[in-house]
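Good morning, everyone. Please look at the structure on the screen while I talk.

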Amino acid sequence: MDTVLDVKGLKAYYLMKYFGISREVRAVDDITMSIRRNEIYGIAGESSSGKTSLIKVLAAAMRPPLEVVDGSVRYHFNGEEIDPTTASKEDLKRIRWKHLSYIMQGSMSVLNPVRRIERTFADFAKEPLGLSGPAFRERVEQHLSSLKLPPSVLRSYPHELSGGMRQRVTIGLATVCHPEFIIADEPTTALDVVVQKEVLSMIREIQQKMGSSVVFVTHDMSVHANMADRIGIIYAGRLVEEGPTRQMFFAPKHPYTAHLVASLPRIGDTTQRPALEGKPPNLADPPPGCRFHPRCPLAIDKCRTDVPPLETVDTDHRTACWRWQDVRPLDGAPTGKMEAQL
Amino acid sequence: MTDLLEIRNVWKRFPMGGLLSRAHIDAVQDASFSLTADKPEIFTIIGESGSGKTTLARMILGLEQPSEGEILFKGQSVSRNMNREKRLEFMSQVQPVFQNPFEAFNPLKRIDRYLASTARQFLKTSDRAKIDAAMDDALQKVGLSLKEIAGRYPHELSGGQLQRCAIARALIPNPPLLIADEPVSMVDASLRMAIVNLLRSLRDDFGVSVIYITHDLATAYYISDRLIIMQKGRIVEMGDARVVLSDPEHPYSRLLKASVLSSEDAGQGKLATNPDMVAEANRLATMPSSRLQERPDGRLVRTYEGA
């Protein structure tokens, strides 16, 4: 299988020392996953589940106190192997934007408010592309037109554009060098439904055209349903389930996933939806055993003491639950046909 | 029958540009609706950003004055020139809940101090036992208790708990009306339903009417009784929530419904929106003359002259 990214047993902790007392927050705890070429991999999880810390490691944007304690991260670009956690600054500079790029959440904080869009493009992409003057401009204009943006946006300042247009500009920035690997961190959370759909379809379109891999992070499961090829669910720093989108929605094998997909309200259905009781665990002091057990309806004694391993339950489908055989879709879960379009 | 809240042909016009500019923007145009006092309901305002839904909410709260038209709460006009006593009286009856609980609370101030000062202000008492009882009572309604909250700072609570505290604070004076401006858009998916179910139980068990402002059609369908859909300051469709959302009639409402991401067809990558729908909705937004027309099933739909 052609993989672009291999993550093995990755542990990244926030290590802090106050007055001689050291404290660690296990934001990413023993995550193993691989991302293939030409796929959209969705990462779901609530806030403070460690998904942003994972992304920081993958994007080589780690800053102390976040540190990799154990495990490895390996990218395969053009037959070249590179580890973003140990690579030198020069190597990272070489792969950034050309091979590895990043779409961030708030478009307003990415675009410099006092620089025209064309200047921002030049700052980011001129060097990696190696084009000068008119050729560079032509390339950028061409790329923007594929995102349905007129060339006039290049002369505008960020505040002159609408939220949807700004987000499309940041997508343009992240994709203008045709990178092989794109990390998108909640790119549509601040947008309205109509614009959100437009931006999502644009990311998908451009991914398919370039054949790159996208890691797509959001807590909104309905976005994952329509975007991702595969989904990984992160709970309290651990990967608890991973599988193809349809299986995750229609035959989940982890109680947390089953809850997530069943709690989505739908138009045409007013039955009472259950909310998950309890609160997300504190990562500085996570519960022993399976970290989901205090909120889990299926928990048994074994869950309170032993950490369940991530086992393969079906093709491409892995789950970390002692009782995965007993997990059934909950009331109100979507009922699509598993067989359709697989 | 008395109206709890009546909005009569309300306009809000903001000037744009500098001193010499005559440009203006109509954030809310000719909005009218009313909430009855007899039966509590969840009334939803749907619209994208810039549709005027927050401006409308601010006018109901008396934070903004309508340029034209009138807002009546229990038959009395909501206006800025109320005296302090009247204003307090009004505030104790209409309470807001805001979008982001992390911004609504000062991180250096304990949560119970917010609750206590609200209780002191509106119950006009400084008796510690009474204040504690009122706080606990309100927290019980949202599924928390004073014991859990006492002495805690905002960072010690999760987003969902914090939003519930914000709702508890609003419930202390026992208001008949709650204005919730996108209360779930900053809350995680797994906790979102807890907040939405809470709004539902406030209506059913405690008789509180809620004006629920959102752009999420799915939760709107789930909890609301009636709704209005706003586009660029104009109400384009109004009526029973289930009737309108099952079969929206106005092109903009249809566009909104078509843009909802469904989990039913997970994994099929259905993301294309029909560009004709977008164009049609945008065209209607610029049509100058229009009015709301009643349909046989009771809903009001905006119709355009010459369209």
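I will start with the model itself, then go to a sheet, a helix and one serine.

This is a predicted model; local features need pLDDT of at least 70, side-chain atom pairs count only at pLDDT 80 or more, and totals for chains, interfaces and linings use all residues. Residues are numbered from 1 along each chain as its sequence is written, chains are lettered from A and ligands numbered from 1 in the order written, and side-chain values use heavy atoms, without hydrogens and water.

pLDDT is the predictor's confidence in each residue, from 0 to 100. Chain B has a mean of 86, with 97% of its residues at 70 or more.

Now the sheet in chain A. Helices (H or I, at least four residues) and strands (E, at least two) are DSSP runs, numbered from the N terminus. Two strands pair if DSSP finds at least two bridges between them. Eight strands make an open, mixed sheet, in the order S6-S7-S8-S3-S9-S10-S12-S11. S6 and S11 of chain A stand at the edges with a single partner strand each, so one side of each has no neighbour in the sheet. Inside the sheet, S7 and S8 of chain A run parallel over five bridges. There, Ile182(A) faces Val214(A).

Next, H1 of chain A. Buried means under 20% relative accessible area, exposed over 50%, partly exposed in between (1.4 Å probe, protein chains only). Six of the eight residues of H1(A) are buried, so this helix is largely enclosed by the rest of the structure.

Last, Ser253(B). This serine sits in helix H11 of chain B. Is Ser253(B) buried or exposed? Ser253(B) is buried, at 2% relative accessible area.
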